[in-house]
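These are my notebook entries on a single model. I set down what I looked up, in the order in which I looked.

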Amino acid sequence: MNRLAELQEINRYMGHFISNMASLQEIYMGNFVTTMQQEQEIYMGNFVTTMQQEQELYMSHFVTHILKEQEAYMQSFVSNMKK
């Protein structure tokens, strides 16, 4: 094989190699971005669920506390009315 044919063969090989690397990079980056989006969705879903649970728990304690305060106030009020 003469030198020109060798260089053309190397050039063709490198062209295929670069094309394959670019394709692999696109696939990898596509998978990476998809994975990151899924991780973010899972994290945000868990975060929102946790915040809702915290809010429900807080409101439950708050309502219980208010009801106890109201009950104590009413008992005191009734007791004072009886006097």
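I looked up Phe17 and recorded it as partly exposed, because its relative accessibility is 38%. I use "buried" for under 20% relative accessible area, "exposed" for over 50% and "partly exposed" for what lies in between, with a 1.4 Å probe and protein chains only. Phe17 lies in helix H1, which covers residues 3–82. Helices (H or I, at least four residues) and strands (E, at least two) are DSSP runs, numbered from the N terminus.

I note the basis of these entries here: the model is predicted, local features need pLDDT of at least 70, side-chain atom pairs count only at pLDDT 80 or more, and totals for chains, interfaces and linings use all residues. Residues are numbered from 1 along each chain as its sequence is written, and side-chain values use heavy atoms, with hydrogens and water left out.

Which residues make the nonpolar surface patch? I listed Leu7, Ile10, Tyr13, Met14, Phe17, Ile18, Met21, Leu24 and Ile27, which together give about 880 Å². Patches are made of residues with over 30% relative accessible area and no salt bridge; like charges are joined within 9 Å, and nonpolar side chains (Val, Leu, Ile, Met, Phe, Trp, Tyr) within 5 Å. Areas come from the Shrake-Rupley method with a 1.4 Å probe, and for residues only the protein chains shown count as cover.

I counted one helix and zero strands in the protein chain. Its radius of gyration is 35 Å, well over the 12 Å that the globule rule gives for 83 residues, so the chain is more spread out than a compact globule. The radius is taken over C-alpha atoms, and the rule is 2.2 Å times the number of residues to the power 0.38. Along the principal axes, the C-alpha atoms fill a box of roughly 120 × 10 × 10 Å.

I took C-alpha distances for several pairs. Gly45 and Ile27 are 18 residues apart along the chain and separated by 27 Å. For Phe17 and Leu67, 50 residues apart, I noted 74 Å. Phe77 and Asn20 are 57 residues apart, with 84 Å between their C-alpha atoms. Met74 and Tyr13 are 61 residues apart in sequence and 90 Å apart in space.

Phe77 is in helix H1 and is partly exposed at 40%.

How much of the chain is buried? Buried residues make up 0% of the 83 residues. The protein chain exposes about 8,000 Å², and carbon and sulfur atoms supply 61% of this area.

I counted 5 positive and 9 negative side chains, and the centres of the two sets lie 13 Å apart. Lys and Arg count as positive and Asp and Glu as negative, while His and the chain ends are not counted. Each charge is placed at NZ of Lys, CZ of Arg, CG of Asp or CD of Glu.

Side chains of opposite charge can pair when their charged atoms come close. I took a salt bridge as a side-chain nitrogen of Lys or Arg within 4 Å of a carboxyl oxygen of Asp or Glu, and the count comes to two.

One of them joins Glu6 to Arg3, with the closest N and O atoms 3.4 Å apart. Both residues lie in helix H1, three residues apart, about one turn of the helix. Glu6 is partly exposed at 31% relative accessibility, whereas Arg3 is exposed, with 55%.

Glu9 and Arg12 also meet in a salt bridge, at 2.8 Å from N to O. Glu9 and Arg12 are likewise three residues apart in helix H1, about one turn. I recorded Glu9 as partly exposed at 37% and Arg12 as partly exposed at 45%.
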